[in-house]
Amino acid sequence: MKISFCCNVTPPEPWLIDLRAALPQAFVTVWSRGDAPADYAVVWAPPQQFFDEQSQLKAVFSMGAGVDALLKLRLPPASLLVRLDDAGMAVQMAEYVCHAVIRHFREFDVTAGDVQHGLWAQRPVRRRADYPVGVLGLGVLGARVATALTQFEIPVLGWSRSARALPGVRGYSGAAQFHDFLAATRILVCLLPLTDETRDLLNRDTLSRLQPGAYVINVARGAHLVDEDLLALLDSGQLAGATLDVFRTEPLPADHAFWRHPAITLTPHTSARTLRADSVAQIAGKILALQRGASVAGVVNLEQGY
Ligand code: NDP
Ligand code: OXD
């Protein structure tokens, strides 16, 4: 069995070592032009030429959970596209989002600023019931985040395409319930995949439907959010602030207004990192399952786009 590795954002050698250790029967190489056909590919942001040459792949394994960039390419018609299915990302995402929600709800940034100025000032106590958190997307990551948030006794709502029942989470589904979900949300978390249906979903109209003084946390993809609309709503005071981990252009250009906006906290696409050991274990297990003719989780539905 031959596995081709194609990724130029991380040194390949540690991945090759781990893949070879997990699949000693496999021949694992870094792809170069003109290579012989491989059976499986492990990729992040490959060039189109990779798929044009490797047109007989049985399965393509994404080194991330989001496959929007891969779906812009022409994939081998007969190959499965398999995304990372948690692989250690869900707990990181839960840490990141809970931290952002609590930092905002408890006004820890304001207190830190007061302390820096030598000020002993206790903030008025806020009621949890006044800060319902709405999670867009209740998949592998969104469900973990929503469930983690319930531990803090904050009201938690979730929105997904199909109805999802999670203990302690008020579920909304489909376009018909989207506006009701927004109207009931004060802190909005985006964990949707980027598809034709979800691109630009966080815009002036939808963000204006949130409760007054709402807070936005985008950890999914930059293109979910219309940057100018967020800035306008922050500047008008309709929104209280935002924590952003993902951007339309990454790295975020040095002259982008998000860098300097006082109500925006930003991080460099770091909310849930791909963990090599967990990812290799998951990919190797799935390759063995496919070799046995078994089905695997995380196969992307190409029509839905996630
Ligand atoms: P999943 O595919 O497991 O979950 C997607 C969820 O979104 C599902 O609940 C799905 O509904 C819902 N959904 C999709 N389209 C719609 C729609 N049109 N309307 C309503 N709901 C919709 O994805 P993951 O949880 O694994 O990952 C989510 C995204 O997080 C990734 O696509 C990626 O972009 C991003 N990500 C970001 C990272 C970072 O570091 N910032 C790291 C990893 C991922 P249903 O349940 O009905 O199918
Ligand atoms: C992913 C990501 O999709 O890192 O896994 O954003």
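In helix α5, the buried residues (under 20% relative accessible area, with exposed meaning over 50% and partly exposed in between, for a 1.4 Å probe and protein chains only) are Leu-141, Gly-142, Ala-143, Val-145, Ala-146, Ala-148, Leu-149 and Thr-150. Because eight of its 11 residues are buried, α5 is largely enclosed by the rest of the structure.

The model is predicted, so that local features need pLDDT of at least 70 and side-chain atom pairs count only at pLDDT 80 or more, while totals for chains, interfaces and linings use all residues. Residues are numbered from 1 along each chain as written, chains are lettered from A and ligands numbered from 1 in the order written, and side-chain values use heavy atoms without hydrogens or water.

**Helices and their surroundings**

Helices (DSSP H or I, at least four residues) and strands (E, at least two) are numbered from the N terminus. The cover over the buried residues of α5 includes helix α3 (89-105) together with the strands β6 (133-136), β7 (156-160) and β8 (169-173). Glu-95 is a residue of α3. With a relative accessible area of 53%, Glu-95 is classed as exposed. Its C-alpha atom is separated by 8.1 Å from that of Val-145, and Val-145 is one of the buried residues of α5.

Helix α8 spans residues 227-235, and its buried residues are Asp-227, Asp-229, Leu-230, Leu-231, Leu-233 and Leu-234. Among the elements that cover these residues are helix α7 (204-208) and the strands β10 (214-218), β11 and β12. Gly-237 follows α8 and has a positive phi, near 90 degrees.

Helix α9 runs from residue 276 to residue 291 and contains 16 residues. From its first C-alpha to its last it reaches 22 Å, close to the 22 Å expected at 1.5 Å a residue; the expected span is 1.5 Å times one less than the number of residues. The buried residues of α9 are Ser-279, Val-280, Gln-282, Ile-283, Ala-284, Lys-286, Ile-287, Ala-289 and Leu-290. They pack against strand β1 (2-7), helix α1 (12-22) and the strands β3 (40-44), β4 (59-62) and β5 (80-82). Just after α9, Gly-293 takes a positive phi of about 90 degrees.

**Domain arrangement**

An automatic or database assignment supplies the domain bounds. The chain is divided into domain 1, made of residues 2-87 and 274-291, and domain 2, residues 89-266. Domain 1 contributes 11 residues to the contact (heavy atoms within 4.5 Å) and domain 2 contributes seven. The C-alpha centres of the two domains lie 32 Å apart.

**Loops and backbone geometry**

Most residues other than glycine have a negative phi, and most peptide bonds are trans. Glu-153 has a positive phi near 60 degrees although it is not a glycine. This residue occupies the loop between α5 (140-150) and β7 (156-160). Glu-153 is exposed, at 64% relative accessible area.

His-269, likewise not a glycine, has a positive phi of about 45 degrees. It is placed in the loop between β12 and α9. His-269 is partly exposed, with a relative accessible area of 30%.

The peptide bond that joins Glu-250 and Pro-251 is cis, with omega at about -5 degrees. Pro-251 belongs to the loop between β11 (239-244) and β12 (264-266). Thr-249 is also placed in the loop between β11 and β12. Its relative accessible area is 46%, so Thr-249 counts as partly exposed.

Lys-2 lies in strand β1. It counts as buried because its relative accessibility is 12%. Apart from neighbours within four places in sequence, Lys-2 is in contact with Phe-27, Thr-29, Asp-35, Ala-36, Pro-37, Ala-38, Asp-39 and Tyr-40.

| Residue pair | Separation in sequence | C-alpha to C-alpha distance |
|---|---|---|
| Thr-249 and Ala-223 | 26 residues | 8.9 Å |
| Glu-95 and Val-145 | 50 residues | 8.1 Å |
| Lys-2 and Ala-148 | 146 residues | 40 Å |
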